[in-house]
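Have the sequence and the model open while reading.

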Amino acid sequence: MSRQRTMENILASEYVSIGELVRITNARYSTLKHYTEEGMLPFEQAEENLTRRYKREETVARILWIKEMKANGLSIPQMKEALGMK
C-alpha cells in the first residue's frame, strides 16, 4: 500500500510535504530543497518526526513566483530581495 496521499487529499490539505509540493508544482525535489535551505520557502517543523510542513496555497504561489523570476533571469540574491528577504 502506497504511503502517498491522493492528489485530491493533497489539494484539500492546509499543509503539505516537500514531496507533495513537487507533485503539485512539477518542480524538482532538489530545487525545492535548495530554495528551502536558502530560506525562500518558509515551513513549520512537526515535533514528533521533524517533518517539514509547508502551507500549501502560500508556498505554491511562492514557488510559481520564484519560477517566473527564474525565467526572467533573476539570480538567487535578486529573488531573495524581491521576496523581501534582504
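This is a predicted model: local features need pLDDT of at least 70, side-chain atom pairs count only at pLDDT 80 or more; totals for chains, interfaces and linings use all residues.

A residue is called buried here when its relative accessible area is under 20%. Glu-20 is a case to begin with: its relative accessibility is 10%, so Glu-20 counts as buried. Glu-20 lies in helix α2. Leaving aside residues up to four places away in sequence, Glu-20 is in contact with Arg-5 and Ile-10.

The wider setting can be taken from a record. An unreviewed UniProt entry carries the annotation "domain: HTH merR-type" for residues 15–85. Across residues 15–85, 56% of the chain is helix and 11% is strand.

The strands come next. Three of them make an open sheet, in the order β1-β3-β2, with antiparallel pairing. Its edge strands are β1 (15–16) and β2 (44–45), each of which pairs on one side only. Between β2 and β3 (residues 52–55) there are two bridges, again in the antiparallel sense. Within β3, Arg-52 stands opposite Gln-45.

The buried residues of α4 include Arg-56, Thr-59, Val-60, Ile-63, Ile-66 and Met-69. An α-helix has 3.6 residues a turn, so residues three or four places apart point the same way. The cover over the buried residues of α4 includes α1 (7–12), β1, α2, α3, β3 and α5 (76–82). After α4 comes Gly-73, which has a positive phi, near 85 degrees.

In soluble globular proteins, nonpolar side chains tend to be buried together. In this model the largest nonpolar core has 16 residues, and those with the most contacts inside it are Leu-21, Leu-32, Tyr-35, Met-40, Leu-41, Tyr-54 and Ile-66. Two or more residues come from each of α2 (18–25), α3 (29–37) and α4 (56–71). The helix that gives the most is α4, with four residues.

What does Tyr-35 touch, not counting residues up to four places away in sequence? Its contacts are Met-40, Leu-41, Ile-66, Lys-70 and Ile-76. Among these, Met-40, Leu-41 and Ile-66 are also listed with the most contacts inside the core.

Definitions and conventions:
Residues are numbered from 1 along each chain as its sequence is written. Side-chain values use heavy atoms; hydrogens and water are left out. A nonpolar core is a set of buried Ala, Val, Leu, Ile, Met, Phe, Trp, Tyr and Cys residues joined through side-chain atoms within 4.5 Å. Buried means under 20% relative accessible area, exposed over 50%, partly exposed in between (1.4 Å probe, protein chains only). Contact means heavy atoms within 4.5 Å. UniProt positions are given in the numbering used here, feature names are shortened, and annotations may be inferred rather than shown by experiment. Two strands pair if DSSP finds at least two bridges between them.
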